[in-house]
Amino acid sequence: MKNLNRMNYFMVGVPFLLGLIGFIAPECWYIGALFTILTGGFQFITGTGLLIDTGGKRIEYVIYFAGTILFFLLWTVTDWHYIIVLPPALALYLSILLYIEAKKEKP
């Protein structure tokens, strides 16, 4: 779980870092935006894997998965522009879950 947590830090940190570098080299904003898609894919696969691994018995992972499904459903059926806040909230939520799980492991 600790390696998964470290990988999550990397996947979340790279787009953020590229966004900061984008103030100096504007082409890094585009690369950071594209890397954000990879981050979303990684987190979706990780969240789905954890949901399957726990057999759907952990409500935290069920909430994450339901939020992800809700985002995609709302994205396709609504023109509500504030839906863009849902992916960062889901990424933060899963990052906190991974951090808590990594802390529970013995060193």
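Analyst: Happy to. Let's start with the term "helix": helices are DSSP runs of H or I with at least four residues, strands are DSSP runs of E with at least two, and both are numbered from the N terminus. Please keep in mind that this is a predicted model, where local features need pLDDT of at least 70 and side-chain atom pairs count only at pLDDT 80 or more, while totals for chains, interfaces and linings use all residues. Residues are numbered from 1 along each chain as its sequence is written, and side-chain values use heavy atoms, leaving out hydrogens and water.

User: How many helices and strands does the chain have?

Analyst: There are four helices and zero strands, giving the order α-α-α-α from the N terminus on. The C-alpha trace spans about 45 × 40 × 15 Å along its principal axes.

User: Where is Glu-101 found, and why is Glu-101 called buried?

Analyst: Glu-101 sits in helix H4, which covers residues 86-104. Buried means under 20% relative accessible area, exposed means over 50%, and partly exposed is in between (1.4 Å probe, protein chains only). Glu-101 has 13%, so it counts as buried. Its contacts (heavy atoms within 4.5 Å) are with Met-1, Arg-58 and Tyr-61, leaving aside neighbours within four places in sequence.

User: What makes Thr-46 buried or exposed?

Analyst: Thr-46, in helix H2, has a relative accessible area of 8%, so this residue is buried. Not counting residues up to four places away in sequence, Thr-46 touches Leu-4, Leu-94 and Leu-98. For the whole chain, buried residues make up 32% of the 107 residues.

User: Why is H1 called roughly antiparallel to H2?

Analyst: The axes of H1 (residues 2-21) and H2 (residues 27-53) come within 8 Å and cross at roughly 160 degrees. Axes are lines fitted to C-alpha atoms, for helices over the stretch in contact, with angles from 0 to 180 degrees between N-to-C directions. Angles under 35 degrees count as roughly parallel, over 145 as roughly antiparallel, 65 to 115 as roughly perpendicular and the rest as oblique. That makes H1 roughly antiparallel to H2. Among the residues making the contact are Leu-4, Met-7 and Phe-10 of H1, and Trp-29, Phe-35 and Thr-46 of H2.

User: How do you know which kind of aromatic pair Phe-71 and Phe-72 form?

Analyst: Rings of Phe, Tyr and Trp (its six-membered ring) pair if their centres lie within 6.5 Å; planes under 30 degrees apart count as stacked, over 60 as edge-to-face and the rest as tilted. By this rule there are seven aromatic pairs. Phe-71 and Phe-72 are 5.2 Å apart, centre to centre, with 65 degrees between the planes, which gives edge-to-face.

User: What makes the pair of Phe-71 and Trp-75 stacked?

Analyst: Here the centres are 5.6 Å apart and the planes 25 degrees, hence the label stacked. Phe-71 and Trp-75 both lie in helix H3 (residues 59-77), four residues apart, or about one turn of the helix. Ring pairs link Phe-71, Phe-72 and Trp-75 into a cluster.
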